[in-house]
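Let's take a walk through this structure together. Have a look at the picture first, then read on.

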Amino acid sequence: MKIDSTISAVVTGGASGLGLASVKALRAAGAKVAIFDFNPETGVKAAEETGSLFCEANVLSDESLDAAFAKARSVNGQERILISCAGGGNAMTTIRKDKQTGEFKVFPSEEFARVLTLNAVGTFATLTRFAAGAATLEPVDGERGAAVCTGSIAAQDGQIGQAAYAAGKAAIVGMTLPIARDLGRWGIRVNTILPGVFSTPLMNQAPQATIDALAAQVAFPNRLGDPTEYASMALELCRNTYMNAHVLRLDGGVRFSAR
Ligand SMILES: NC(=O)c1ccc[n+]([C@@H]2O[C@H](COP(=O)([O-])OP(=O)(O)OC[C@H]3O[C@@H](n4cnc5c(N)ncnc54)[C@H](O)[C@@H]3O)[C@@H](O)[C@H]2O)c1
C-alpha cells in the first residue's frame, strides 16, 4: 500500500511511545491520522503537535471504540491502516510468600484477567471494527487495508512476574494468523510486531542501572530500541503487500533471561 495523503489511518495508544512515533511517521508520509487513546491530556497534545485528530477511546469499551471510529471517519474518511499499540502489563509472580505471615498469596485472578483483556480483547475489538470499515472500501492496487498489532517478545520469552502480560501478548500472536485468514477474502492484511525493549516513557521511568542492564543484553546494537525504529517497521508492514499473517521480533537480537 502506498502511504500518502489519500490514506487515512488510526493509531491506538497514539498519544505516547511506539504509537506516537507511528503517528509521526504516518504524518510524515502525508497520511491523515486519528489518535485513539484513553488519556485526553497527552492525546490532545500529541494531536496538536502532529496535526492529527484526537479521538478519546478506551479499547476496553466497545461503545467507546464505536464512537471513536465514527468520529475519525467523519473527519478523515474511512481508514485503510490500523496500528494498534494500546496495551500494557503488570509485574507480579504467580505465587508469593508474605514476609510477615509466611503465608502464600496467589496472583489475583481479576488482575490476570485485566491484563489479558487489555491486550487480547482490546486489540481484537479494535481490529474487528477496523476490518468492518475497511472491507467497505474499493480496493487500491488489489487491497483494502492493513493492520499492525503490537505484541511483545514477552509472548515468547516472558520473564519472572510476566505471566499475565506474556499471556496477553501471546494471545495476539495466536490470533494473527486466523484473523489474517478471516480477512484475506476482504483484501485486508494483518501482521504483529513483537518489540524488544524500547525507549518509551514507560521504560524511561526505570532506573538508569536497569536500562543499562537491559541494553547490555541486546546482541547489537547495545541500546534500547528507538520508537522511530518501531514506526519504520510498522509502516513497512503496511506498505509491503506480500507481508501478511507475520509475527516478527524487533529486538536487536535480545533474548530475555528469567529476570
Ligand atoms: N516500550 C517497550 O519496550 C515495549 C516492549 C514490548 C511491547 N510494548 C508494547 O507496545 C505498546 C506501546 O507501549 P509503549 O511503550 O509505547 O507505552 P506507552 O505507555 O508509552 O503508550 C501506551 C499508550 O496507550 C494508551 N493506552 C493504554 N491503555 C489504553 C486503553 N485501554 N485504551 C486506549 N489507550 C490506552 C496510553 O494512554 C498510552 O498513551 C504496548 O502494547 C506495550 O505493551 C512496549
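## What we're looking at

Keep in mind that this is a predicted model.

## Around the ligand

Which residues come nearest to the ligand? They are G13, S16, G17, G87 and T200, out of 30 residues around the ligand.

## A21, in helix α1

Now find A21, which sits in helix α1. Is A21 buried or exposed? A21 counts as buried, because 24 C-beta neighbours lie inside 10 Å, and the cut-off for buried is 20 or more.

Setting aside residues within four places in sequence, A21 is in contact with P227, T228, Y230 and A231. As for V140, it is 119 residues from A21 in sequence, and the two C-alpha atoms are 26 Å apart in space.

## E79, in a loop

Next up is E79, in the loop that runs between α3 (62–76) and β4 (81–84). E79 also has 24 C-beta neighbours inside 10 Å, so E79 counts as buried.

What does E79 touch, if we skip residues up to four places away in sequence? The list is S8, A9, V10, A72, F130, G133 and A134. F112 is 33 residues from E79 along the chain, and their C-alpha atoms are separated by 33 Å.

Terms used:
Residues are numbered from 1 along each chain as its sequence is written. This is a predicted model: local features need pLDDT of at least 70, side-chain atom pairs count only at pLDDT 80 or more; totals for chains, interfaces and linings use all residues. A residue is near a molecule or strand if its C-beta atom, placed from the backbone, lies within 6 Å of it. Helices (H or I, at least four residues) and strands (E, at least two) are DSSP runs, numbered from the N terminus. A residue is buried if 20 or more other C-beta atoms lie within 10 Å of its own, exposed if 12 or fewer, and partly exposed in between; C-beta atoms are placed from the backbone. Two residues are in contact if their C-beta atoms, placed from the backbone, lie within 7 Å.
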